[in-house]
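Hi,

Here is the structure I said I would pass on. Have a look at it first, and my notes follow below.

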Amino acid sequence: MAADRAYLPGARLGTGLASVETEVARLLTRFAQAGAERVEPPALLPADTLLDLYGEDIRARAYVTDDPVEGERMLRPDFTVPVVEMHASHGATPARYTYAGPVWRQQVPGAGRPTEYLQVGFELFDTAAAADADAEVFALLADAVGDEATVETGDIGLLLAAIDALSLDERRRAMLRHHVWRPARFRRLIERFRAPGRLADRLAALPDTAVAEHVRSLSPEIGVRSVDEITDRLHALREEAEAAPLPDADVALLDALLTLDGPMGEVLGRLRPLAESRPPLAAAVERLGKRVEALGRRGIDAAALPFATNFGRTAMEYYDGFVFAFTAPGRPDLPPLAQGGRYDALTAELGPAIPAVGGIVRPEALLAARS
């Protein structure tokens, strides 16, 4: 119905609308008390920025339109990218921002999820100790949603560090890093690197000059990819076939890492043996240990927090460190009431690089959980 909004029937007018406005104001006030400056990012973003960051896959999740003057534009799928861009062009360091407004995302048929919903967020840009910043944002979001929410945590940085520790050439390493947030594709790449496929084996036997001719002989040129693009792809597959297979020990490391699930303190203890003789992973494990200490200084029993190394891999691709989410117990119909994480690599992409961590609350879902 026209008066319905995400998770709240009839909440676009009357008392329903008043409840939403009051909740949004409460969250903005709470984040302002934590030192945040109010900002209002644009709703319509240049599409090329998001396409450069996430590739063509983002078109299936966001609303894209074409303006005769501005070119291809995209309704913001969340606030983080425009906030980072605002900070890069105008912000001082350190900085804290808060914002509120709708975001828009396409959903798959039958998903039953809204395509438009509100977010109220807090972002922290600071070169000081990352563990302290992670703990501050986590504690702030936990306070915003209340004690009854169930929490989940993880650390995408552990998997990225494990990839850096593998015996791989840079091209295959970059492919794995690109697909960290697509678990099924990531697994297929692992299997391909461990045992190159029959197509790659056949191409390895072709001389350089024969690949394009072979492609033209298969069928007429159809579709959007040119013969040159297909040929380049086949050359890449052949280089992959000629590379050394991914060692079984590396596959075992990833398998062991991605199945760790339990209290954060227990998982930390199980990670330390895995990180022996793997310096990039050892550094990430040390960062997790410092985060446990920083959370403890804020009165949070971090060792007991639920922690899974696979958590957060289906969220937006920019999270590259600590990740967390708060959900409503007994309400599987609702999305996380709040979620967030660290995204240092995103600021480096949009420049200038600065460590950053933040999170959002979904006020409509929070009100629905209380009803």
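I began with the overall size. This is a predicted model, and its chain of 371 residues has a radius of gyration of 23 Å, which agrees with the value near 21 Å that a compact globule of that length would have. The C-alpha trace spans about 70 × 55 × 40 Å along its principal axes.

As for the secondary structure, you will find 15 helices and 12 strands in the chain. Of the contacts with a separation of 6 or more, 70% are between residues 24 or more positions apart.

Buried residues account for 48% of the 371 in the chain. The accessible surface is about 17,800 Å², and carbon and sulfur atoms contribute 54% of that area.

The element I would point you to is helix α15, residues 363-370. Why do I describe α15 as largely enclosed by the rest of the structure? Six of its eight residues are buried, taking buried as under 20% relative accessible area. Those six are Pro363, Glu364, Ala365, Leu366, Leu367 and Ala368, so a glutamate is in the list along with the proline, the alanines and the leucines. Two helices, α1 (14-33) and α4 (130-145), are among the elements that cover these buried residues. The cover also includes the strands β6 (116-125) and β12 (356-361).

Best wishes

Definitions and conventions. Residues numbered from 1 in each chain as written. Predicted model: local features only at pLDDT ≥ 70, side-chain atom pairs only at ≥ 80, totals over all residues. Heavy atoms only, no water. Helix = DSSP H or I, 4+ residues; strand = E, 2+ residues; numbered from the N terminus. Rg over C-alpha atoms; globule rule 2.2 N^0.38 Å. Buried < 20%, exposed > 50% of the residue type's maximum accessible area, 1.4 Å probe, protein only. Contact = heavy atoms within 4.5 Å. Areas by Shrake-Rupley, 256 points an atom, 1.4 Å probe, with all protein chains shown as cover.
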